[in-house]
Each structure stands twice: as C-alpha cells, then as structure tokens.
Amino acid sequence: VGRRFHFRGARGRRGGPAAFGFTFIFLSLTAILALPLAQFVMSSSRGALTQDEAAAYSLPPLYLIGLVIPNLGGFHEWMTYVSVVPLLLAFAGLQRWTTFWVVATLTAIAFSLGSHFILFPLLFRILPGLGFLRVPPRAWFIVALGLCILAAHGAQRLRQVILHRLLIQSRLTRPHAHTLGRLFLPALVFLAWADLMRVDSTLLEARPL
C-alpha cells in the first residue's frame, strides 16, 4: 500500500508542471487566431445578445422523447435520437468509474433545454462569455459524446461478463463461442449504423440541379 501511495504521489507531482507547460504551449500556439477572434466577437452583434436571443430554439422538454422515438424528418436543431442500441449499451455502462460522463451527459441535456429549464438562465447570468453562444440544443453533441463513451463501457461489460456467462451456460464448443464473441461488437455497430442511416435519410431532400 505504501508503494502504491508513493507512486501515485510522484505521478501527481509530475503531472502539475506537465499540465501547466501543455496549457502554456497551447495558448501560445493558438493566440494568433484566438486574440483576433476575440476582438472580432466583441465587436459583432453576438456581444449584445440578450438571454431570450441566446436561448433561441431552446429544446422543448417533449422532444426528449426523441431519445427513444426518432422524430423522422423533424427540425434538425431538435434532433435528439442517438439510436436504441447505443442508448441501451449506455445504460449497461453505468458504473462507478463512469460517473463523470453520466454527470456531463445529464448536465448537457439540462443545458440544451435552454429557457425551459433553470440551468441555462442561471449560467447566462454568472458565466461571462455565455452570451456569445446561441441555440442551447447544440450542446447535444456533449450528450452524444457522453453516450458513446458510456456505450463503449457497456459493450465491454456485456462482452466480458454477460456474454461470457451466456456462452458458458449454452455449452458451445470453444471455436463457436470465440466466433460469436468476435461477431458481437460488429453486429451491434452495424445495427446502430443502419438505424441512424434510416433516421438521417429522412432529414435529406434530393433536388434536381
């Protein structure tokens, strides 16, 4: 135990200067673009956005049903569907070490509601620079990212624990069990891809030149 504590402490001491150096290099390299961009944004109409203007197209709470029922051909800013397969895998990935992504996902969902929930108005008042942003539902990309990471943990858990137990109980021969284990993740990926392609195709309209 003492060795483990000493190792983590030394690692933490090395991580501080490394993080500071990385941040300094990052800011130095991006300053040539970030500083003119900041000056431009301050002079643009975004600098005078009111809370109501910034909360334009806030996600109606009813559209949270779109997580499980796709809004075929719906308004693109309010599309919340992520496919049933990743959503179910995300629930399987709810574990103690995935708490950060659970909190990040739930926070982004609350933020995307905009004026329909208390989080966005509260942050608009206390966080400087939030007035430069519009359309709170665009925070849904954080929801999608969090669900993807949770789904990855869920898929790993299903493959290593649940699927392994099922294969043992089914008394399959080892080659057959190994083949099923290898086909498990590609099959889930294909199902999610086909489902999302079906939904996305309703958002596109082909027109002749």
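Together with Phe117, Ile118, Leu122 and Ile126, Leu127 makes a nonpolar surface patch of about 500 Å². Patches of this kind consist of residues with over 30% relative accessible area and no salt bridge, with nonpolar side chains (Val, Leu, Ile, Met, Phe, Trp, Tyr) joined within 5 Å and like charges within 9 Å.

The model is predicted; local features need pLDDT of at least 70, side-chain atom pairs count only at pLDDT 80 or more, and totals for chains, interfaces and linings use all residues. Residues are numbered from 1 along each chain as its sequence is written, and side-chain values use heavy atoms, with hydrogens and water left out. The predictor's confidence in each residue is expressed as pLDDT, from 0 to 100. For the protein chain the mean pLDDT is 83, with 82% of residues reaching 70 or more. Confidence is lowest in helix α1 (residues 2–43), where the mean is 75, and highest in α4, where it is 94. Over residues 1–7 pLDDT stays under 50, and the model has zero contacts beyond four places in sequence for these residues.

The protein chain contains seven helices and zero strands, assigned as DSSP runs (helices H or I, at least four residues; strands E, at least two) and numbered from the N terminus. Of the 209 residues in the chain, 31% are buried. The accessible surface comes to about 15200 Å², and 70% of it belongs to carbon and sulfur atoms; areas were computed by the Shrake-Rupley method with a 1.4 Å probe, and for residues only the protein chains shown count as cover. Contacts are defined by heavy atoms within 4.5 Å. Among contacts between residues at least 6 apart in sequence, 74% join residues at least 24 apart.

In soluble globular proteins, nonpolar side chains tend to be buried together. A nonpolar core is here a set of buried Ala, Val, Leu, Ile, Met, Phe, Trp, Tyr and Cys residues joined through side-chain atoms within 4.5 Å. The largest such core has 13 residues, and those with the most contacts inside it are Leu59, Leu67, Val82, Leu87, Trp140, Val143 and Leu147. Two or more residues of this core are given by each of α3, α4 and α6, and α6 provides the largest share, four residues. Another core, of ten residues, lies apart from it and includes Ala55, Ala110, Leu119 and Leu123. Beyond its neighbours within four places in sequence, Leu87 is in contact with Leu67, Val68, Val82 and Leu147.

Helix α5 (residues 119–126) has Leu119, Phe120, Pro121, Leu123 and Phe124 as its buried residues. The cover over these residues includes α2 (51–54) and α4 (99–112). Ser112 lies in helix α4 and is buried, with a relative accessible area of 0%. Apart from its neighbours within four places in sequence, Ser112 contacts Ser58, Leu59, Pro136, Pro137 and Trp140.

Side chains of opposite charge can pair when their charged atoms come close. The structure holds three salt bridges, each defined by a side-chain nitrogen of Lys or Arg within 4 Å of a carboxyl oxygen of Asp or Glu. Glu77 pairs with Arg138, with the closest N and O atoms 2.8 Å apart. This pair links distant parts of the chain, since Glu77 is in the loop between α2 and α3 and Arg138 in the loop between α5 and α6, 61 residues apart. Glu77 counts as buried at 15% relative accessibility, whereas Arg138 is partly exposed at 44%. Arg198 forms a salt bridge with Asp195 at 3.1 Å between the closest N and O atoms; both lie in helix α7 (residues 174–200), three residues apart, about one turn of the helix. Asp195 is buried, with a relative accessible area of 14%, and Arg198 is partly exposed, at 43%. The side chains of Arg207 and Glu205 also meet in a salt bridge (3.5 Å, N to O). Arg207 is exposed at 65% relative accessibility, and Glu205 is exposed with a relative accessible area of 62%.

Key:
Buried means under 20% relative accessible area, exposed over 50%, partly exposed in between (1.4 Å probe, protein chains only).
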